[in-house]
Every structure is written in C-alpha cells, then in structure tokens.
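Subject: Handover of a structure and notes on it

Dear colleague,

Please find the structure below, followed by a written account of what was found in it. I would be grateful if you would read the two side by side.

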Amino acid sequence: MGSLVVRCYTKKYDSELSALIVMGSPAKNGALPAAKFLNGVIGTFRGKHHVSGLINKLAFSSYLKNIPNPRTEFDWLSVNENNVDAYIASEYCGFPFTCDGFRGLFDEMGDTYDESGWSVSNPSLPILFVSGSEDPCIGSKENFEFAQNFMEKRGYSDVTGILYEGLRHEILNEDEHDAVYADIAEWLSHQV
C-alpha cells in the first residue's frame, strides 16, 4: 500500500519532495468501482470491522495464478521460501483486511489513478518505479509501464522504471536484494 500512499502524497505535496521511489506499485484495476460497491454493501450490513472472505478472495485470489505449485497463499510475496515463512510466522503479518481496511485500500487506489487533483508544482521531480517482474501487484509489464506513463501524463518529466526478472513483491527481501539496493543507490546518487 505504500506505493499508493506515496503517490497520493505526491499528488498534493510534490514540492516537499526531492525524489520519489515507487516500489511494487499496484496496477490500475477496472473492477475497482464494483469492488468498492460490494465492500460497501457488506460493510453496511456486517459492520466496518467485519472480515469478508469474499472481498479478500476477490482482491487476492489471482495473485497465485502464475506461481507454479504454490506452497502457501502468500507465495506471491517472495521467491524465497524463508521470507514467506517468516511473514506467516509473524503476528504482525498475514491477517485479512476488514471491510474498513479494504475501503481504505480501494480509496487510495482510486485516488492514485484519478487524473484530477494533481497539483504538479515540481514537474522535474525524479521518479523511480521498481518492481519484480513476477509481482502480481503490478499485473503485467504493460501495467508497470502504464503506472509510469500515468505520472508522465500528469506532467512529470523524469520518470524511469526497473523491473527485476523473476522477483516477486518484496524485492528488498529477495536473495538478489543487493542488486536492488545498488540500483537504488546509483539512481539516488544522481539526484543529489
């Protein structure tokens, strides 16, 4: 969700930033209005703290479709099984969102990809998108490029992206994390 939050912040306060890194960016989703409506109906009748298995399944069920023989429902996070196991073992991770949690997620996604309301006062803001090529959040290489192009169409002139072949969502926890950190450090060295 951080990649949505930082773009919602940028939308209004880009003058406060000297550089922006967007990691693991969720793709724009055409089913968002229907998901918001259904989640709202369930939340109205069951309460905002209700955990809806249906909404959770609709939101995340496709995340495993391109992973051969997944061991767990969280294999989409990382190629490294130890990372997935640590995530599952943590009391702070792996719990499903409530209806209110999904409302926040859906609102952020809608705001991120809403073409209106962008106060671009820092059009030369350097923006770097990074993600694993197998991260289901990005949807596809085309969706990853769409997210970058979306920022360019808002008026930002310095938008680049790096896809890491074979990595999933948590690219900073994969075995290849040193290469990711090195690329980010190299990019940042040109922004200072």
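Which residues does Phe-129 touch, not counting residues up to four places away in sequence? Phe-129 touches Arg-7, Val-22, Ser-25, Phe-144, Ala-147, Gln-148, Met-151, Val-159, Thr-160, Gly-161 and Ile-162, where contact means heavy atoms within 4.5 Å.

The model is predicted, so local features need pLDDT of at least 70 and side-chain atom pairs count only at pLDDT 80 or more, while totals for chains, interfaces and linings use all residues. Residues are numbered from 1 along each chain as its sequence is written, and side-chain values use heavy atoms, with hydrogens and water left out.

The strands

Helices (H or I, at least four residues) and strands (E, at least two) are DSSP runs, numbered from the N terminus. Two strands pair if DSSP finds at least two bridges between them. Strand 2 pairs with strand 1 in the parallel sense over 4 bridges, and 7 bridges join strand 2 to strand 3 (residues 158–164), again in parallel. Within these pairings, Met-23 stands opposite Val-130 in strand 2, and Ile-127 stands opposite Val-159 in strand 3.

For accessibility, buried means under 20% relative accessible area, exposed over 50%, and partly exposed in between (1.4 Å probe, protein chains only). In a regular strand the side chains alternate between the two faces of the sheet. Strand 1 has Leu-20 and Val-22 on a covered face, and Ile-21 and Met-23 on an uncovered one. In strand 2, by contrast, 7 of its 7 residues are buried. Pro-126, Leu-128, Val-130 and Gly-132 point one way from strand 2, and Ile-127, Phe-129 and Ser-131 point the other way.

The nonpolar core

A nonpolar core is a set of buried Ala, Val, Leu, Ile, Met, Phe, Trp, Tyr and Cys residues joined through side-chain atoms within 4.5 Å. The largest such core has 23 residues, and those touching the most other members are Leu-20, Phe-106, Ile-127, Phe-129, Met-151, Tyr-156 and Val-159. At least two residues of this core come from each of strand 1 (20–23), helix 2 (32–46), helix 5 (99–112), strand 2 (126–132) and helix 6 (141–154). Helix 5 gives the most, with 5 residues. In soluble globular proteins, nonpolar side chains tend to be buried together.

Aromatic residues

Rings of Phe, Tyr and Trp (its six-membered ring) pair if their centres lie within 6.5 Å; planes under 30 degrees apart count as stacked, over 60 as edge-to-face and the rest as tilted. The structure holds 14 aromatic pairs. One of them is the tilted pair of Tyr-113 and Phe-146, at 6.2 Å centre to centre and with 35° between the planes. Tyr-113 lies in the loop between helix 5 and strand 2 and Phe-146 in helix 6, so this pair ties together parts that are 33 residues apart in sequence. Tyr-113 is buried, at 5% relative accessible area, whereas Phe-146 is partly exposed, at 33%. One aromatic cluster is formed by Phe-60, Tyr-63, Trp-76, Phe-97, Phe-102 and Phe-106.

Individual residues

Lys-11 belongs to helix 1 (residues 2–13) and counts as buried, at 3% relative accessibility. Leaving aside neighbours within four places in sequence, Lys-11 is in contact with Asp-111, Asp-114, Ser-116, Gly-117, Trp-118 and Ser-119.

Asp-183 is placed in helix 7 (residues 177–189) and is partly exposed, at 31% relative accessibility. Beyond four places in sequence, Asp-183 touches Ile-162 and Tyr-164. The C-alpha atoms of Asp-183 and Ile-162 are separated by 8.7 Å, although these residues are 21 apart along the chain.

Asn-69 is found in the loop between helix 3 (53–60) and helix 4 (81–89). Asn-69 has a positive phi of about 50° although it is not a glycine, and is exposed, with a relative accessible area of 74%.

Cysteines

A search of the whole structure finds 0 disulfides, a disulfide being a pair of cysteine sulfur atoms within 2.5 Å. For Cys-8, the nearest cysteine sulfur, that of Cys-137, is 15 Å away. Cys-8 is buried at 14% relative accessibility, and Cys-99 is buried at 3%.

Yours sincerely
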